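Please keep the sequence and the structure in view while reading.

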Amino acid sequence: MIPKVFKEIIDLGDGREISIETGKLAKQAHGSVVVQMGKAMLLCTVVSNYKQSDVDFLPLTVDYREKFAAAGRYPGGFFKREARPSDGEVLTMRLVDRVLRPLFPKDYHAETQVMIQLMSHDDDVMPDALAGLAASAAIQLSDFPFECAISEARVARVNGEFVINPSRVQLAESDLDMMIGASADSVMMVEGEMDEISEEEMADAIKFAHEAIKVQVAAQLRLAEAFGRKEVREYDTAEANEDLEKRIHDMAYDKCYAIAKKGTSKAERSSAFAEIKDEVKASFREEEMAEFGHLVGGYYRKAEKEAVRELTLSEGIRLDGRKTDEIRPIWCEVDYLPSTHGSSVFTRGETQALATVTLGTSRDSNKIDMPSHEGEENFYLHYNFPPFCTGEARPLRGTSRREVGHGNLAQRGLKGMIPDDCPYTVRVVSEVLESNGSSSMATVCAGTMALMDAGIKITRPVSGIAMGLISDGDRFAVLSDILGDEDHLGDMDFKVTGTSKGITACQMDIKIKGLSYEILVNALQQARAGRLHILDKLVETIEAPASDVKEHAPKMINRRVPNEFIGALIGPGGKVIQELQKESGCTIVITEDPATEEGIIEILGTSPEGIAMVEAKIDSVTFKPTVGNAYEVKVIKVLDFGAVVEYIDAPGNEVLLHVSELAWERTENVTDVVNMGDLLQIKYLGIDSRTRKEKVSRKALLPRPERKERPNKD
C-alpha cells in the first residue's frame, strides 16, 4: 500500500527551500517528519510514554546523531560503527533541548524522547540549523501536551547582509554566527559568536532570524492541520490545594523576605531558608503530613521564590545585598602554577576558575571528524565542573553535556582574539573550583589572563558576565553578575563575552513571553558596563601579553622548504628526522602545503641549542650553492684525483674538488696543495656539461699566473 504523504514547503526567499514531510517513514512513532534542504535530510521521531514517571521533573531526552553513511563515509577508529556522540552532536542536542523543555507542562513527567538523525548530507547545508524545526514539527503531529510550535534558525551577516541558514562557506565570510530559537510570539533562546559587534547589531540579527522563524512555525501548523490534529492526551496532573498553598505562603513569605534582605552568603542563606522550611513542616500535624506532605516542599519553594523576586522588584535589593547593577568583589592572579605554560586564577564572589594553557604543534590540534564537517582546531578550550565546586559529593560519569556546552561558549568567546599568525596549537583548560553563578564566564576571564601569561599575543583581552532579568509584566529588573539562585528564579539568564570594542559570544535563555527588544537592548547595555568593569580588573592583574613564552615553555619556529627536500630531511624510514629529534630534544612536525608546493616544518623545543641544531640541519639539507659565488669549505677526504670538501655553512653537503682545479700549476699530488682538515675557499661553477656533476674550483679564486714567453730560437 502506497503511504499518503503530507508535505509543506518553506521558501527562504533566495532560491532555497526547506520541505517538511510526514506519512512515509517511522509511522509507529508518536510523531515523525523528514526535513529536507538541498540534499540534506533529517529524520526526527518523537515518543512519550503514556504513564507518568515517578519523578518530579520531565525526563526528556533530545538525541541528535549524524550518520556517516549520510556523507558516504566510514566511521573512523577501530570499530566501524557510530559510537558515543561527538561534541558537535552534543551541542546540537543542547540547542534543541533548551527550547523544547520549557514548553512542556511543569507537571508532565512522562519519559519523552526526541531523536533526530542526519540521514543525507549536503556540503552546502549545515544540518544543526534544521534540528529545532524538525523536533517541533514532529511534536505538532503527536498528542503531547506542548504549548506551541517553535523553530530554530541560524543567522549570519555576509557583506553587511543578514542570511538565514548560511552554508559553511558563507559562514566563513560572516562576522557573526548566531542560532535563534523562538515561537511565533517570543524569542526563547540565543547562542552564538560574533566579531566584536555592538548590542544594537546583535538585536537586529535576532529580529531578522525571528521573522524567518515565524514562517517556519506557520508551515508546521499547516502540516499538522493537513495531517489531522490529534487530541491532546490526558495525563495525571499535579494535585493542587489552594488552601494549603495560602497557608504555607502566609507562614513563609515574610520570613523569606527578611532572610533575603539580610544579604548573607550562600551557605548562611541556604541554612536560614532550610530552617524556615523545617518550621513550616513542623507546623503540620502528623496526619496532615501523611495526607498532603508531598505538596509542602513545592508550595514552600514557590513562596520563597515570590519573596526574593519581590524584594528585587520593589527595593532593588538582591539575595547577597547587592544593587541590581553591582558586580561581586573580584581578585585575580597569574603565573600561579610554576610548571604550566600559562596559568591564572579568577575569583568573583563565590565563583572561582583556575585556567591553564598548553602550547603544542599542529600534531596537537583538536581533530573534528563528523559526517557534516571535517577539520581541526588549533585553539580549543576544555571546561571541568567537579562536584566539590558546589560542596557536593556525587558520582563522576565522564564529561557531561553541560561541561561540553559551557566549554564551547567560553571557547567561542576567546577564539576570535587568537591571531592568525599564532604558530602554536593552544589548549586552555578551566578547572572550576567554586561555583555560585556563571563559572563559564569566570572561565573566559581566567582563560584571557592565562593566555596573556603564556605569551600568546591575543588581539584584545576578553571578559564575560552573566546577567538575569526579573519581571512581573509591569516592572522589571536587570541583574548584573547573577548568583546561582538568581539563575533559577529569574525570567531570563544570559551570558555575554566581549572586548572593549564589542561582543564576541553570547548565550541566552528567555523564560517569559513577548520580551521587548527595548528591554533586551537595555539588558545588553547593562551587561556591557559590567563586562568593562570586569575587564578593568583583568588588565590591572596583567596589562598585556608576556613578551615571550616562559623559559620552560616550548619555543616554536616555523620554516618552509620546497617539497623536493622533504624526503632528504625525513630520511629512509624516518631515520634522519627521528635521530634529529633525539639529538636536539625538539619535536619536529612536517606537513605539505598543496597551495604552495612547500613543506611546512614546525620545530618545537625548550632548548635554543636544540632548535639551532634542527635549523642547521634544514639549512644543510636545503643548501643550494649559487653559480659564481665563493664558499668556505673543509677538506674531509683526500683522493688520488682530488679532495672531497664539505661546505662550512651547510654541514653534510659535500662536493669533489678535482685535482685539476686545485691550482693553476700542474699538481702531481693532491697533498702538495691541500691536506685533511684544511679550510679553503672555492668557487661554485655549476653543473659540468660533460660529466653532469657539480663542479667547483680553488684556482678560480687565485690570481692567474702570467704566461712565460717562449725563448726566441733565432
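Helices here are DSSP runs of H or I with at least four residues, strands are runs of E with at least two, and both are numbered from the N terminus. On that basis, the chain of this predicted model holds 14 helices and 29 strands. Its radius of gyration is 35 Å, well over the 27 Å that the globule rule gives for 714 residues, so the chain is more spread out than a compact globule.

**Overall form**
- Along the principal axes, the C-alpha atoms occupy a box of roughly 145 × 70 × 45 Å.
- Of contacts between residues at least 6 apart in sequence, 69% link residues at least 24 apart.

**Burial and surface**
- Buried residues make up 51% of the 714 in the chain.

**Charge**
- The chain carries 117 negative and 87 positive side chains.
- The centres of these two sets are 5 Å apart.

**Helix α8**
- Helix α8 covers residues 401–415, which is 15 residues.
- From first C-alpha to last, α8 reaches 21 Å, close to the 21 Å expected at 1.5 Å a residue.
- This helix is mostly covered, with 12 of its 15 residues buried.
- The buried residues of α8 include the charged Glu403 and Arg412, together with His406, Asn408 and Gln411.
- Also among the buried residues of α8 are Val404, Leu409, Ala410 and Leu414, as well as Gly405, Gly407 and Gly413.

Conventions. Residues are numbered from 1 along each chain as its sequence is written. This is a predicted model: local features need pLDDT of at least 70, side-chain atom pairs count only at pLDDT 80 or more; totals for chains, interfaces and linings use all residues. Side-chain values use heavy atoms; hydrogens and water are left out. The expected span of a helix is 1.5 Å times one less than its number of residues. Buried means under 20% relative accessible area, exposed over 50%, partly exposed in between (1.4 Å probe, protein chains only). The radius of gyration is taken over C-alpha atoms; the globule rule is 2.2 Å times the number of residues to the power 0.38. Contact means heavy atoms within 4.5 Å. The place of a charge is taken as NZ of Lys, CZ of Arg, CG of Asp or CD of Glu.
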